[in-house]
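Subject: Structure handover

Hello,

Here is the structure for you to look through. Please open it first, then read my notes below.

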Amino acid sequence: MFLVFNKQKIISYLVAFSTVAILFAGASFFIPTYEDTIETAGKVSKLLPIYCVKTEEKKVSLTINCAWSQIPMG
């Protein structure tokens, strides 16, 4: 395999690499600093489905949960 570089190809690679380097350097100035932030956490009660019930009777139930990703309103 041969790699052929001419002046135009070298210039295009330099422009591409310098553009990426400038973008990364510019993006590093926009990284937020978290010196003045306060983190808080709260307990969120979540309703869980009933998976089993202890009983002496021999019964089987089938349930289908179609709302896996819904957040309860209220």
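**What was found**

The protein has one helix and zero strands. Both are DSSP runs numbered from the N terminus: helices are H or I with at least four residues, strands are E with at least two.

Two notes before the details. This is a predicted model, so local features need pLDDT of at least 70 and side-chain atom pairs count only at pLDDT 80 or more, while totals for chains, interfaces and linings use all residues. Residues are numbered from 1 along each chain as its sequence is written, and side-chain values use heavy atoms, with hydrogens and water left out.

**Surface**

The protein exposes about 8900 Å². Carbon and sulfur atoms supply 65% of that area. Accessible areas come from the Shrake-Rupley method with a 1.4 Å probe; for residues, only the protein chains shown count as cover. Of the 74 residues, 0% are buried. Buried means under 20% relative accessible area, exposed means over 50%, and partly exposed lies in between (1.4 Å probe, protein chains only).

There is a nonpolar patch on the surface. Its members are Met1, Leu3, Phe5, Ile10, Tyr13, Leu14 and Phe17. Together they have about 890 Å² of accessible area. A patch takes residues with over 30% relative accessible area and no salt bridge; nonpolar side chains (Val, Leu, Ile, Met, Phe, Trp, Tyr) are joined within 5 Å, like charges within 9 Å.

**Aromatic rings**

The structure holds two aromatic pairs. Phe5 and Tyr13 are edge-to-face, at 6.3 Å centre to centre with 70° between the planes. Tyr13 and Phe17 are stacked, at 6.4 Å centre to centre with 25° between the planes. Rings of Phe, Tyr and Trp (its six-membered ring) pair if their centres lie within 6.5 Å; planes under 30 degrees apart are stacked, over 60 edge-to-face, the rest tilted.

Phe5, Tyr13 and Phe17 form one aromatic cluster. Tyr13 sits in helix 1, residues 7-28. Tyr13 and Phe17 are four residues apart in helix 1, so about one helical turn separates them. Tyr13 counts as partly exposed because its relative accessibility is 40%. Phe17 is exposed, at 62%.

**Charges**

How many salt bridges are there? The count is one. The rule asks for a side-chain nitrogen of Lys or Arg within 4 Å of a carboxyl oxygen of Asp or Glu. Lys59 pairs with Glu57, and their closest N and O atoms are 3.1 Å apart. Lys59 is exposed, with a relative accessible area of 67%. Glu57 is partly exposed, at 48%.

Best wishes
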